[in-house]
Amino acid sequence: MEQNCIKLKTMPNAVFAGSFDPPTSGHLDVIESALSIFDGLYVVLAINPEKDGLFTIDERIEMLNAMNRFGKQMKVCKWDGLVTDFARKHGCSVLVRGLRNAAELPYETTMAYMNQRLDPSIKTVFFLYDAKHVDISSTLVRDLVTHNRLPDDIVPQEVEKVLRQILQRRGCPLS
């Protein structure tokens with residue numbers, strides 16, 4: 001007996017952009033969630049010349065590559081233009097954003113609406129951080145690192161290893 005089945009579309013590649021200064025366990029949570037749905041994910045280090053980071057672009061790329069547990073499904077790139085332009089250039093129709101809490105929603109929705117104005121064919125999908133990561137931000141991690149502290153599990157183990165190497169090279173190792 002033949003069943004009537006609807007052919008599902010394959011999920012396109014998506015883009016998860018951020019400053020990742022440094023990448024956190026929350027970022028990894030969003031990446032894992034996105035890769036459970038999308039065929040591939042471009043993790044894009046969006047370069048903002050207005051922002052000075054604690055870590056250089058190359059150091060952040062090194063940390064992002066270190067936490068790639070997903071092989072070819074996750075591609076790490078840097079981009080100094082609009083994220084919608086990156087998405088269009090790479091054939092992506094979805095932007096991924098992570099939400100830690102409701103306070104981030106106004107900013108994130110405003111950004112999603114502007115991205116939709118820039119390219120109506122590109123949609124934004126929001127993923128909620130796992131509850132155990134809601135208190136983690138790159139800003140907080142940078143502050144802790146400058147005070148020589150790094151509690152367990154706020155950055156992925158692979159990132160912590162690279163982070164320690166970077167700080168060792170700079171002559172200010174974490175204890």
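**Cysteines, then rings**

Start with Cys77: its sulfur is 9.1 Å from the closest cysteine sulfur, that of Cys92, which is too far for a bond. This is a predicted model, where local features need pLDDT of at least 70, side-chain atom pairs count only at pLDDT 80 or more, and totals for chains, interfaces and linings use all residues. Residues are numbered from 1 along each chain as its sequence is written, and side-chain values use heavy atoms, with hydrogens and water left out.

A search of the whole structure finds zero disulfides (a disulfide being a pair of cysteine sulfur atoms within 2.5 Å). Cys77 counts as buried, at 18% relative accessibility. Select Cys172 next: it is partly exposed, at 40%. Buried means under 20% relative accessible area, exposed over 50%, partly exposed in between (1.4 Å probe, protein chains only).

Now the rings. The structure holds three aromatic pairs. Rings of Phe, Tyr and Trp (its six-membered ring) pair if their centres lie within 6.5 Å; planes under 30 degrees apart count as stacked, over 60 as edge-to-face and the rest as tilted.

Select Phe16 and Phe20. They pair edge-to-face, 5.4 Å centre to centre, with 80° between the planes. Phe16 is buried at 4% relative accessibility, and Phe20 is buried at 1%.

Move to Tyr42 and Phe86, an edge-to-face pair at 5.4 Å and 75°. Both are buried.

Finish on Lys75. Its charged end sits over the ring of Tyr42, 5.2 Å from the centre (cut-offs: NZ of Lys or CZ of Arg within 6 Å of the ring centre and within 35 degrees of the ring normal).
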